[in-house]
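Colleague: Before I use this model in my own calculations, could you take me through its backbone and its side-chain packing?

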Amino acid sequence: MGEKKISVRGNLVRDMMKNVMETSLKQPIQSGQLRRNPVEPAWICPPGYGYEIIEMEEFSMEFLQPEGIFTGRVILQLHGGGYIGPMKNIYRRFAVRYSKISYGGDVLTVDYRVAPEHPYPAALEDALAAYMWLLEEKGYQPRNVVIAGDSAGGGLSLALGLYLRDHGYPMPAGFILMSPWTDLTNSGESYEENYHLDPLFGNSRDNMLFHSSYIGQEDPKNPYISPMFGQFHGFPPALFQVGSYEVLLSDTLAAAGKMKEAGVKRRVSVYEGMFHVFQMALDLIPESQEAWKEAEEFLRIVYGIRRRLDGEPVRRVKSRRKRRK
């Protein structure tokens, strides 16, 4: 693969990850301490948006809408955190970004139940309930719904897609998957190859990826838990983004490979030298900026603002993504 040419800011932020990412904590998050006592300032909705908390029977959701605009488009966002981490302010900022890059779309973010108190299938049940709420209560058309998730939320997004297809529910327009955790058996080659590179999950197996409390008593190879073990025929287009330094790199490549076998349109972008969910940097580093531009391009395509998906397979992305002709 050669020398990794990434931005100076990208290098700096990557090297800071071990100190600033709460999801890398071990005992505090495994015990539930972090979820019970999340330390964050109150989030203030930016001007030009309406914000509503929707209380469901078992969980809550947060609904963001641009004021004075209704496009009929909506993003269903499933947050990361290893199925044990809380809904956090970064996902509220993601919601605003998703609304902007979908050209005025609405965004529903699900604060689904998490382990250890609520193992599988709680998160999947809540994701399904949120999807059906959009269709049945709010009247969105499936062709205008895109499901987006990062890390565990990316795996949950694919698990939801498998469940929808298997049980005869209408499929969404597409999926945006940022570093999805698709294999809870942690069997991919990158778990070894990137063990000393990953600044978040590397150099230790005492983290949320191993001995997951979300699995409970179930088989971790259940496709609704580890969608990498599923089959993806009948799926809509999907955008995969992942960093080349991640132990979860194989989770992306394996799931995308199965989509290819099933004839599903997909785009896979491997960002050189990047860490887990580097998109959280938003506009701080060029690689994150480029990833969000790519997500915007994908949304334009699946929503019909552009004609069709460019079927480019796996791409290696350096500090600036190569422009397609």
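Colleague: Which residues of α4 are buried?

Modeller: Helices here are DSSP runs of H or I with at least four residues, strands are runs of E with at least two, and both are numbered from the N terminus. Buried means under 20% relative accessible area, exposed means over 50% and partly exposed lies in between, with a 1.4 Å probe and protein chains only. On that basis α4 is mostly covered, since eleven of its 13 residues are buried. The buried residues are N89, I90, Y91, R92, F94, A95, V96, R97, Y98, S99 and I101.

Colleague: At what pLDDT do side-chain atom pairs count in this predicted model?

Modeller: Residues are numbered from 1 along each chain as its sequence is written, and side-chain values use heavy atoms, with hydrogens and water left out. The model is predicted, and while totals for chains, interfaces and linings use all residues, local features need pLDDT of at least 70 and side-chain atom pairs count only at pLDDT 80 or more.

Colleague: How far apart are the end C-alpha atoms of helix α4?

Modeller: The expected span of a helix is 1.5 Å times one less than its number of residues. For the 13 residues of α4, residues 89-101, that rule gives 18 Å, and the model agrees with it, as the end C-alpha atoms are apart by 19 Å.

Colleague: What is the angle between the planes of Y91 and F94?

Modeller: A pair of aromatic rings is described by the distance of the centres and the angle of the planes. Rings of Phe, Tyr and Trp (its six-membered ring) pair if their centres lie within 6.5 Å, planes under 30 degrees apart being stacked, over 60 edge-to-face and the rest tilted, and by this rule the count comes to 17 aromatic pairs. Y91 and F94 form an edge-to-face pair, 5.6 Å centre to centre, with an angle between the planes of 75°.

Colleague: How many residues separate Y91 and F94 along the helix, and is F94 buried or exposed?

Modeller: Both residues lie in helix α4 and are three residues apart, about one turn of the helix. Y91 counts as buried because its relative accessibility is 3%. For F94 the relative accessibility is 1%, so F94 counts as buried.

Colleague: Which ring does R97 lie over?

Modeller: A charge sits over a ring if NZ of Lys or CZ of Arg is within 6 Å of the ring centre and within 35 degrees of the ring normal. R73 lies over the face of Y303, at 5.7 Å from the ring centre. R97, which is among the buried residues of α4, lies at 5.7 Å from the centre of the ring of W292.

Colleague: Which residue is joined to Y120 by a cis peptide bond?

Modeller: The loop between β4 (106-111) and α5 (122-137) holds P116, which a cis peptide bond with omega of about 5° joins to A115. P121 lies in the loop between β4 and α5 as well. Y120, which forms one aromatic cluster with Y83, W181 and Y214, is joined through a cis bond, with omega about 10°, to P121.

Colleague: Is N203 buried or partly exposed?

Modeller: S179, in the loop between β6 (174-178) and α7 (190-193), has a positive phi of about 50° although it is not a glycine, and S179 is buried, with a relative accessible area of 0%. N203, in the loop between α7 and β7 (238-243), also has a positive phi, near 65°. With a relative accessibility of 37%, N203 counts as partly exposed.

Colleague: Which elements do the buried residues of α8 pack against?

Modeller: The buried residues of α8 are L249, S250, D251, T252, A255, A256, K258 and M259. With contact meaning heavy atoms within 4.5 Å, these residues pack against α6 (152-166), α7, β7 and β8 (266-271).

Colleague: Which residue in β2 stands opposite E52?

Modeller: Two strands pair if DSSP finds at least two bridges between them. Strand β1 (residues 49-55) and strand β2 (residues 60-66) pair in the antiparallel sense over seven bridges, and they form a hairpin with four residues between them. The residue opposite E52 is F63.
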